[in-house]
Amino acid sequence: MNPKWLVPIALTLGLGLLGLAGASKQVAQVQLWLDKRDGPETAKASALAPIIDCMNRVDRDWRLFYYGYTHQEWYRPSIFDEQTYESLVQMDRILKEFGDHDEALGRDLQNDICAQRITGKLERLEPSSPLINAAGRYVLALQAVTPLTNSFDFYQRLGMTRFQPPQGQVAQALAIKGDAYMAASTELRKRLEREDVRLRPGQLALLQARFGQDTHWHLLNYMIAARTALDELEQGVYLATLTPQTLAPLIDAVQQASAHGKAYVRLHPGTPRDEFANYLWYTITPSADAYLQALQTLQQHWQEHATPQQLSDDYALITHRYDVLLSFYNKPARSTF
C-alpha cells in the first residue's frame, strides 16, 4: 500500500476519559489523594481529565470551524440560510454527520476549561511530564488567536447570516496564528493520545476485577477496540504494511466488541448501577455502527480492486466516523462518570 494517497482529515479528533477535574485547588488536591488510593491508573486519568476536557469541548470546535474557514465551500451550505421545516430537518442531519452539536460553543467555554490551571493535577502528580509544557503552549496559542476569531463570525450556527470571511490584515494574521494554533493543538493531542491509550488496559482490568464484565466494562472494551483498530490502521498505512488480510482481524475485533456489548445490554437492561451506562451505550450505537460500516467498506472496496482515490476516501471516512463516535461518547461520559 502506498501511504501517500492515504491522508485523512480528522476534523474532530477527541479523547474520552471517565474522570472530571475539581473546581478548586483544594478540591483537586483531595480528589488526587483519593484517586491515588484507588490506583495509579485512576490518579493519572484524573490528572489528564482537565486537559482532555479542554480538547474535547474547545479544541474540537475550533479545529472543525477552522477547517470550514479554510474550505469555504463546505463551511456554510446554502441550506443553512433557509428556515423552513424541511431545511431545519436537513440541517440537523448534516450537523450530526459532524458529531454532537448540542454542546455550547467552544468559545463560550474556553475561559473556564482551557486556562493554565488545566495542568494543576498533573503538575502535582508528575511534575516532569512533557504534557505540562505542551498544554501551556496550547493555551498560549489559543489566547493568541482568540481576538482574531472574535472579530468575525468564525463560529457558525443556525439563524446567522451568510458567512463573510475576513479580509486584509485580519485574514493574514489568522493564517499565521491559525497555523500556530493547529501545530500546538496537534502536538498536545498526540501526547494525550499516547497517555490515554496506555491507561485503558489497566482501567479495563480494574473494572472487571470489581464488577465483572458489566455494561461499564463493555463500553470501555468497545472504545478500546475502536481506538486500537484506528491506531493499527494508521500504523499500517504509515509503514505501507496494511492489506485486506491484516485489516480483517481489526474489523472483527470491533464487530465482536460491539456485538457482545449489545447482547449484554439486551440481557441486563434494568440494574440501577448500569442505568447511565446503558443510556450511553444506546447513544453511541448509531455512530458505532457507522464506524464499523466504514471499516467494512474499505475492506470491500480493496478486495474489489478499487482505485487509490476511492481507498483514500474510504480511509478518510473511517477517521471521520471515529471522530463522530467520540463526539457522541464524550459528553454523556463526562457528565455521567
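Predicted model: local features only at pLDDT ≥ 70, side-chain atom pairs only at ≥ 80, totals over all residues.
Colleague: Which element gives the most residues to the largest nonpolar core?

Modeller: The largest nonpolar core has 36 residues, and Trp62, Tyr138, Phe154, Leu188 and Leu192 touch the most other members. The elements that contribute two or more residues are α2 (40-70), α5 (106-113), α7 (130-149) and α8 (168-211). With 12 residues, the element that gives the most is α2.

Colleague: How many residues make up the other core that lies apart from it?

Modeller: Members of this other core include Leu219, Leu230, Leu311 and Tyr322. The core has a total of 34 residues.

Colleague: Are Arg227 and Glu193 buried or exposed?

Modeller: The side chains of Arg227 and Glu193 form a salt bridge, with N and O 3.5 Å apart. The pair links distant parts of the chain, since Arg227 belongs to helix α9 (residues 215-239) and Glu193 to helix α8, 34 residues away. Buried means under 20% relative accessible area. By that cut-off, both Arg227 and Glu193 are buried.

Colleague: Which helices does the salt bridge between Asp289 and Lys262 tie together?

Modeller: The closest N and O atoms of Asp289 and Lys262 are 2.9 Å apart. The two residues are 27 apart in sequence, so the pair ties together parts in helix α11 (residues 275-303) and helix α10 (residues 244-267).

Terms used
Residues numbered from 1 in each chain as written. Heavy atoms only, no water. Core = buried A, V, L, I, M, F, W, Y, C linked by side-chain atoms within 4.5 Å. Buried < 20%, exposed > 50% of the residue type's maximum accessible area, 1.4 Å probe, protein only. Helix = DSSP H or I, 4+ residues; strand = E, 2+ residues; numbered from the N terminus. Salt bridge = Lys/Arg side-chain N within 4 Å of Asp/Glu carboxyl O.
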